[in-house]
Amino acid sequence: MDSSPHRVGDVMTRAAVAVGRRALFKDIVERMYQWQVSALPVLEGDGRVIGVVSEADLLPKEEFRDSDPDRLTQLRRLPDLAKAGAACAEELMTAPAVTVHADAGLAEAARIMALRHVKRLPVVNAEGMLEGVVSRGDLLKVFLRPDNELADEIRRDILDVLFPAPVEPVHVVVTDGVVVLTGRVEDAARVPLATRLVRGVEGVVGVECHLTAEDVG
């Protein structure tokens, strides 16, 4: 059975901290500090995610505390100026929330974070109800997988399937997440495929492929 955590649901934090739409500014700051998080989902009463309030949403209050911005700044920073005067989550939050589903792949979650410049994503079900939160740190958990676990998965799910009868035994050695493949196989065309598939295994840091083929050289 495949033990590789390929999905967001495998690494997300299920005990997610959230606030309601009427949560006050100070309460939001206190909750972020208490739980050491940079953003909080904002929920409707039934648990549906309607937005996210982040540190970036809170900072304008400090930035514009004693300032008197000129007209150009007012036009360019209108959303931030509005947040500087906000008092509760509903006025501060970014909506709609950028979310992800538990069955999404880790690569998909990483792309969303990178493209939307966020550090955490609420994980929701089909109805938009909060199931957990996934952070950048959660996505990196896969790199803590033991080397022997990676080697077992690579051999079972990739090498034994692509090369069921190698000319010479195919060996896989994993050290600190770096995979080294050696051996002699029959089909040269499958060697690049093997490298690509091994590189796609969750937790693999790098691949050194030294497989040779019977029909080469």
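Me: Before we look at the sheets, what makes two strands pair?
Reply: Two strands pair if DSSP finds at least two bridges between them. Strands (E, at least two residues) and helices (H or I, at least four) are DSSP runs, numbered from the N terminus. This is a predicted model, in which local features need pLDDT of at least 70 and side-chain atom pairs count only at pLDDT 80 or more, while totals for chains, interfaces and linings use all residues. Residues are numbered from 1 along each chain as its sequence is written, and side-chain values use heavy atoms, with hydrogens and water left out.

Me: Which residue is the bridge partner of Val172 in strand 8?
Reply: Leu181 is the bridge partner of Val172. Strand 7 and strand 8 (residues 178-185) pair in the antiparallel sense, over 6 bridges.

Me: Which helix lies across strand 7 and strand 8?
Reply: Helix 9 (residues 147-162) does, running at about 145° to strand 7. Helix 10 (residues 190-199) also packs on the sheet, where it touches strand 8 and strand 9, and its direction makes about 160° with that of strand 9. Contact means heavy atoms within 4.5 Å. Axes are lines fitted to C-alpha atoms, for helices over the stretch in contact, and angles run from 0 to 180 degrees between N-to-C directions.

Me: What is the strand order in that sheet?
Reply: The order is 7-8-9, in an open sheet of 3 strands with mixed pairing. Strand 7 (168-175) and strand 9 (206-213) are the edge strands, each pairing on one side only.

Me: Do strand 4 and strand 5 run parallel or antiparallel?
Reply: Strand 4 and strand 5 (residues 120-124) pair in the parallel sense, over 2 bridges. His101 stands opposite Val124 in strand 5.

Me: What lines it?
Reply: The lining of the largest cavity includes Leu40, Val52, Arg120 and Val133; lining residues have an atom within 4 Å of a point.

Terms used:
On a 1 Å grid over the protein atoms alone, a cavity is a set of points where a 1.4 Å probe fits but cannot get out, and a pocket is an open set with protein on both sides within 12 Å along at least five of seven lines; lining residues have an atom within 4 Å of a point.
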